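Here's a quick briefing to read with the model open beside you. Start with the picture, then work through the notes by topic.

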Amino acid sequence: MMDTLINGLMSLSGWEVFAALLGVGYIIFAARESQWCWPMAFVSTLIYTLLFWEGQLPMQALLNFYYMGMAIYGFVLWRGHKQAENDLPIHNWSISLNLAFLVTGSLLTLVVGYYLHQFNASQQPYLDAGITVFSVLNTWLMARKVLQNWLYWIAIDAAAVMLYLDTGFYATAALFSLYTVLATAGFVNWIRLHRQQVAITTG
C-alpha cells in the first residue's frame, strides 16, 4: 500500500502537482475569507480541465470547466461586496434549506448514477455521481458564503478519498485526505468570523 502510494506520488506530472498546490491554496485563502482564493481555483481547475481531457476523463474535465466558471463568479461576487459598504456576510442556512439541498443533491445523484451504471461509464457509478453532483451544488454555497458549505466539503472530500482508494488513485486519495483536514479548519475559522460579524452587527 505504501509503495503504491509512493510510486503514485513519484509519477505525478509537474502540472498536476502545481494544480494540486493551487487547490490547497484555494482552501486556505477561502477559509480566511480572502477573494484571492478564486484566482487560485481558476488556474488550478484550468490545469485539471486540460489534464483530465488529455487523460480521457471527460466528466471530470467538464466538472473542472464548471469550477472555472464558478471561480470567476465567486471572485466577482466577493470583490464586488468587498468594495461596497456592506460586505457579503457569512450566513447560516435554515434546516429546511439544508434539507432541500440534500434532497435535491440525492435525487440528482440517483439519476446521474443510474445513467453511469447503465452505460458502464464508472467503476463506482453512484459514489462518482454523488461526489460530482454535490461538488457542483456546493461550489455555489461557497461563493454565497453559506457556513454549512464546509461541512458538505468535509463529507464530499471524505467520499472522494473512498472513491480514489477503491479505484487505485492513491496519490489523489492522499490529496483529498488533506482537503478534508483543511475543510475542517475552514469550518472552524468561518464559525469564528461569523460570530465576529454577528457581534459587530448587533453591537
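**Around tryptophan 140**

Leaving out neighbours within four places in sequence, tryptophan 140 is in contact with Tyr66, Met70, Tyr73 and Trp93. Keep in mind that this is a predicted model. Tryptophan 140 sits in helix H6, and its relative accessibility of 38% falls between the 20% and 50% cut-offs, so tryptophan 140 counts as partly exposed. From C-alpha to C-alpha, tryptophan 140 and glycine 74 are 8.2 Å apart in space, though 66 residues apart in sequence.

**The chain as a whole**

- Count up the secondary structure and you get 8 helices and 0 strands.
- Along the sequence, that reads as α-α-α-α-α-α-α-α.
- The chain has 203 residues, and 44% of them are buried.
- Take the contacts between residues at least 6 apart in sequence: 70% of these join residues at least 24 apart.
- The accessible surface of the chain is about 11500 Å², with 70% of that belonging to carbon and sulfur atoms.

**How H2 packs on H3**

- Helix H2 covers residues 14–31 and helix H3 covers residues 37–54; their axes are 8 Å apart, at an angle of about 150°.
- That angle is over the 145 degrees cut-off, so H2 and H3 count as roughly antiparallel to each other.
- The crossing of H2 past H3 is left-handed.
- On the H2 side, the contact residues include Trp15, Phe18, Leu22, Tyr26 and Phe29; on the H3 side, they include Trp38, Met40, Val43, Ile47 and Leu51.
- Sort the residues of this H2–H3 contact by type and you find 16 nonpolar, 3 polar and 1 charged.

**How H5 packs on H6**

- Helix H5 (residues 95–118) and H6 have axes that come within 8 Å and cross at roughly 140°.
- H5 passes H6 in a right-handed crossing.
- Among the H5 residues that meet H6 are Phe101, Leu102, Gly105, Leu108, Val112 and Tyr114; their partners in H6 include Tyr126, Asp128, Val133, Phe134 and Leu137.
- By type, the residues of the H5–H6 contact split into 14 nonpolar, 7 polar and 1 charged.

**Threonine 132, also in H6**

- Threonine 132 is another residue to look up in helix H6.
- Its relative accessible area is 15%, and anything under 20% counts as buried, so threonine 132 is buried.
- Setting aside residues up to four places away in sequence, threonine 132 touches Gln60 and Leu63.

**Two loop residues with positive phi**

- Glutamate 33 lies in the loop between H2 and H3.
- Phi of glutamate 33 is near 60°, which is a positive value in a residue other than glycine.
- Is glutamate 33 buried or exposed? Its relative accessibility is 11%, so glutamate 33 counts as buried.
- Lysine 145 is in the loop between helix H6 (125–143) and helix H7 (149–166).
- Lysine 145 isn't a glycine, but has a positive phi of about 60°.
- With 2% relative accessibility, lysine 145 counts as buried.

Methods
Residues are numbered from 1 along each chain as its sequence is written. This is a predicted model: local features need pLDDT of at least 70, side-chain atom pairs count only at pLDDT 80 or more; totals for chains, interfaces and linings use all residues. Side-chain values use heavy atoms; hydrogens and water are left out. Axes are lines fitted to C-alpha atoms, for helices over the stretch in contact, and angles run from 0 to 180 degrees between N-to-C directions. Helices (H or I, at least four residues) and strands (E, at least two) are DSSP runs, numbered from the N terminus. Angles under 35 degrees count as roughly parallel, over 145 as roughly antiparallel, 65 to 115 as roughly perpendicular and the rest as oblique. A crossing is left-handed if the near helix is turned anticlockwise from the far one by less than a right angle, and right-handed if clockwise. Contact means heavy atoms within 4.5 Å. Ala, Val, Leu, Ile, Met, Phe, Trp, Tyr, Cys and Pro count as nonpolar, Asp, Glu, Lys and Arg as charged, and the others, Gly among them, as polar. Buried means under 20% relative accessible area, exposed over 50%, partly exposed in between (1.4 Å probe, protein chains only). Accessible areas come from the Shrake-Rupley method with a 1.4 Å probe; for residues, only the protein chains shown count as cover.
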